[in-house]
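Please look at the sequence and the structure on the screen.

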Amino acid sequence: IVRSVKGAFTLIEVLIVIALVGALAALTVVNVNIFPDQYTSTPKGYLIMAIKEAKIQALERGVEVSLFFDKETYDLIIFRTFDGEETWRMNMLGKKYKPESELTEAEKIARETEKLARPEISLEFFPLYPESTNLSAIGASSFADRRLSCLRFFADSTMTPARILLKFKGETVVDYNVDIFTGFKRLERKKK
């Protein structure tokens, strides 16, 4: 009996190749950026990342953390509230700054010149329920101005209920009310 040979693959061979390709794909690490660059490289994107980071730190470490905005450097800074240790820092313009104490005289002059040319950013936190809130306990400077010096994130996944107002180049880019329990999960655009 003469058998004819055809140039085809058997079903088993095809399944083995598919399984190998699948295994290689599963082992391959792909750098996937969840947020597009145009989103994260804006002050709004940096603010959202900072809020998420503060909430994650409070939950994972089981301690209260506070999110501050440095008006001089435009840095968002997370501190552990109880001991003041800095745990995270990001500049809203994507810049890296040396501490003032490490700068040479020429670098200090260059930084001051840069400050004049950079776009204006303002970030303010206001208590959401000022009448029923102990302002000193949540970092407000006075009842008259009703501004909070920081947002606090607690280990039980709650946070300071606040209105977050971010202005970039004089234009309001964020005007959110963030509730104590929903926090960042359900940010809703404040209606004007």
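β1 and β5 run antiparallel and are joined by 3 bridges. Two strands count as paired if DSSP finds at least two bridges between them. The names come from DSSP runs numbered from the N terminus: helices are H or I with at least four residues, strands are E with at least two. Before I continue: this is a predicted model, in which local features need pLDDT of at least 70 and side-chain atom pairs count only at pLDDT 80 or more, while totals for chains, interfaces and linings use all residues. Residues are numbered from 1 along each chain as its sequence is written, and side-chain values use heavy atoms, leaving out hydrogens and water.

L67 lies in β1, residues 65-70, and stands opposite L151 in β5. The open sheet has 4 strands in the order β3-β2-β1-β5, with antiparallel pairing. β3 and β5 are at the edges with a single partner strand each, so one side of each has no neighbour in the sheet.

Is L67 buried or exposed? Its relative accessibility is 0%, so L67 counts as buried. Buried means under 20% relative accessible area, exposed over 50%, and partly exposed in between, with a 1.4 Å probe and protein chains only. L67 touches, among others, I51, L76, F125 and F153, not counting residues up to four places away in sequence. Contact here means heavy atoms within 4.5 Å.

Now the core. A nonpolar core is a set of buried Ala, Val, Leu, Ile, Met, Phe, Trp, Tyr and Cys residues joined through side-chain atoms within 4.5 Å. The largest one has 28 residues, of which L47, L76, F153 and I164 touch the most other members. Helix α3 gives the most to this core, 6 residues.

Last, the salt bridges, of which the structure holds 8. The term means a side-chain nitrogen of Lys or Arg within 4 Å of a carboxyl oxygen of Asp or Glu. R89 and D75 form one, at 2.7 Å from N to O. R89 is in β3 and D75 in β2, so the pair ties together parts 14 residues apart in sequence. D75 is buried at 4% relative accessibility, whereas R89 is partly exposed at 39%. R89 also meets E86, at 2.9 Å. R163 and D175 form another salt bridge, at 2.8 Å; R163 is in β6 and D175 in β7, 12 residues apart. Shared partners join D75, E86 and R89 into one network.
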